[in-house]
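Good morning, and thank you for coming.

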Amino acid sequence: MQLAVPDLVSSSYFPALAATRMPATPGSGAPLELQHIFPAGRAADALRDGTVQFYAGPAHVPLRAFPGWRGAKILMALAQRTYWLLVLRPDIPAGPVGGLADLTICAAPGPDLALRQLFRDAGLDLQGSGVRIVPPPPGPDTGESFGLRAARALSEGVIDGFWANSMAAEVAVRQGVGRVVLDPRRGDGPPSAATYTFPALVTTDAMIDERRDDVRRAVAQVVETQRWLTQDPGRATGVVTGIFPPLEAGLIEDLVRRDVPYYTPGVDEIAVSGLSRFAQAAGLLDAPVRYDDMVAAGVRDLWDG
């Protein structure tokens, strides 16, 4: 079974990535096979088109491929809450986000919608402030992480900051070219920002109807991997051998250890209502979606083991 992940060398969807590296066990069914498909919108399209059976990415992005959540369901959270951080050059004076001006900030397609909404909720007028949100700088299709590309662009003065996951932020901080100014997951910025989205495992209604047992096995495998990492974050380093370059491989244990409090699979009403509000504000939804129309019913028992 194919699993699409938009960020390969990343900490964003790590429980799903790690699940594809776990050894098969009796009765586990077909193994999950990792497919790197960037950006997240293309990964969601691949799910819709049947190229892959599962998607691991931002919970709001499948709405582009499945309007109104018709035809797809969230199976579990890979982690809780909005998981991107705002990183700026260290020489930019600290201050409220609503007071930013004349900056060029990089954000990938999909995450950029959350950044735009965060700025709106913080009272920042993008046009009037001169703040520009731009796509990632071009780079070779070698699996190089966005973190390295963004850190390099920061150091070269191509951009003033970026909005990305904790791996990208950590690379920039450790190289001395950036500092974290806002982390919604930990309560920074507008209160609404924490519930814009979350990293989710998603599949189609057709998969749930036609291959129910395979779907349940996949969810059980990712939930177990999530717990396996929570019990010992040091296991993360072995998972990325042969996937991550040395720099990111050396960071992953610390990042997983830091995010352990958010490694729970449940999707509650707060997450769904926050996602619906954000999706409407971003133009991805016309009206709120009921919990049962967004979250698969037949796997919720697996969240508790």
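How many of the 6 residues of strand S10 are buried? The model before you is a predicted one, and in it 6 of the 6 residues of S10, residues 199–204, are buried, so the strand is largely enclosed by the rest of the structure. The burial applies to both faces: Pro199, Leu201 and Thr203 lie on one side, and Ala200, Val202 and Thr204 on the other.

Two strands pair with S10. Strand S3, residues 54–58, runs antiparallel to S10 and is joined to it over 4 bridges; within that pairing, Tyr55 stands opposite Val202. Strand S4 is also antiparallel to S10, with 5 bridges between them, and here Lys73 has Thr203 as its bridge partner. As a reminder, strands of a sheet pair through backbone hydrogen bonds, in either a parallel or an antiparallel sense.

Let me turn to the open sheet. Five strands make it up, in the order S7-S6-S8-S5-S9, with mixed pairing. Strand S7 (132–134) and strand S9 (179–182) are at the edges; each has a single partner strand, so one side of each is left without a neighbour in the sheet. From one strand to the next, the twist averages 30°. Within this sheet, S5 (residues 85–88) and S8 (residues 161–164) are antiparallel and share 4 bridges, and Leu85 has Ala164 as its bridge partner in S8. Helix H6, residues 166–174, packs on the sheet, where it touches S5, S8 and S9. The direction of H6 makes about 145° with that of S8.

Next, the nonpolar cores. Which residues touch the most other members of the largest nonpolar core? They are Phe54, Ile74, Phe119 and Val267, in a core of 78 residues. Leaving out residues up to four places away in sequence, Phe119 touches Leu86, Val97, Leu100, Ile105, Leu124, Leu126, Val131 and Ile133. There is also a second, separate core of 38 residues, and Ala18, Ala164, Ala236 and Val240 are among its members. In soluble globular proteins, nonpolar side chains tend to be buried together.

Phe119 also belongs to helix H3, where it is one of the buried residues. This helix, residues 111–121, is mostly covered, with 8 of its 11 residues buried. Just after H3 comes Gly123, with a positive phi of about 85°.

That brings me to the backbone. Most residues other than glycine have a negative phi, and most peptide bonds are trans. Where does the model contain a cis peptide bond? It joins Phe38 and Pro39, with omega at about -5°, and Pro39 is in the loop between S2 and helix H2 (40–49). Arg81, which is not a glycine, has a positive phi of about 75°. It is in the loop between strand S4 (72–77) and S5, and is partly exposed at 35% relative accessible area. Asp102, likewise not a glycine, has a positive phi of about 55°. Its loop runs between S5 and strand S6 (104–107), and Asp102 is exposed, with a relative accessible area of 62%.

A further loop residue is Thr20, between helix H1 (14–19) and strand S2 (33–36). Is Thr20 buried or exposed? At 17% relative accessibility it counts as buried. A polar atom of its side chain lies 2.6 Å from the backbone oxygen of Leu17. Apart from neighbours within four places in sequence, Thr20 contacts Leu3, Leu32, Glu33 and Leu34.

Tyr13 and Tyr83 form an edge-to-face pair, 5.7 Å centre to centre and with 80° between the planes. Tyr13 is in the loop between strand S1 (2–5) and H1, and Tyr83 in the loop between S4 and S5, so the pair ties together parts that are 70 residues apart in sequence. Tyr13 is buried at 3% relative accessibility, and Tyr83 is buried at 5%. Phe14 and Phe244 form another edge-to-face pair, at 6.4 Å centre to centre and 65° between the planes. This pair links distant parts of the chain, 230 residues apart: Phe14 is in helix H1, and Phe244 is in the loop between helix H9 (235–239) and helix H10 (246–259). Phe14 is buried at 0% relative accessibility, and Phe244 is buried with a relative accessible area of 8%. Finally, ring pairs link Tyr13, Tyr83, Trp84 and Trp163 into a cluster.

Notes. Residues numbered from 1 in each chain as written. Heavy atoms only, no water. Pairing = 2+ DSSP bridges. Axes fitted to C-alpha atoms, helices over the stretch in contact; angles between N-to-C directions. Contact = heavy atoms within 4.5 Å. Core = buried A, V, L, I, M, F, W, Y, C linked by side-chain atoms within 4.5 Å. Buried < 20%, exposed > 50% of the residue type's maximum accessible area, 1.4 Å probe, protein only. Polar contact = N/O pair within 3.5 Å; in protein donor to acceptor, adjacent residues only side chain to side chain. Phe/Tyr/Trp six-rings, centres within 6.5 Å; stacked < 30°, edge-to-face > 60°.
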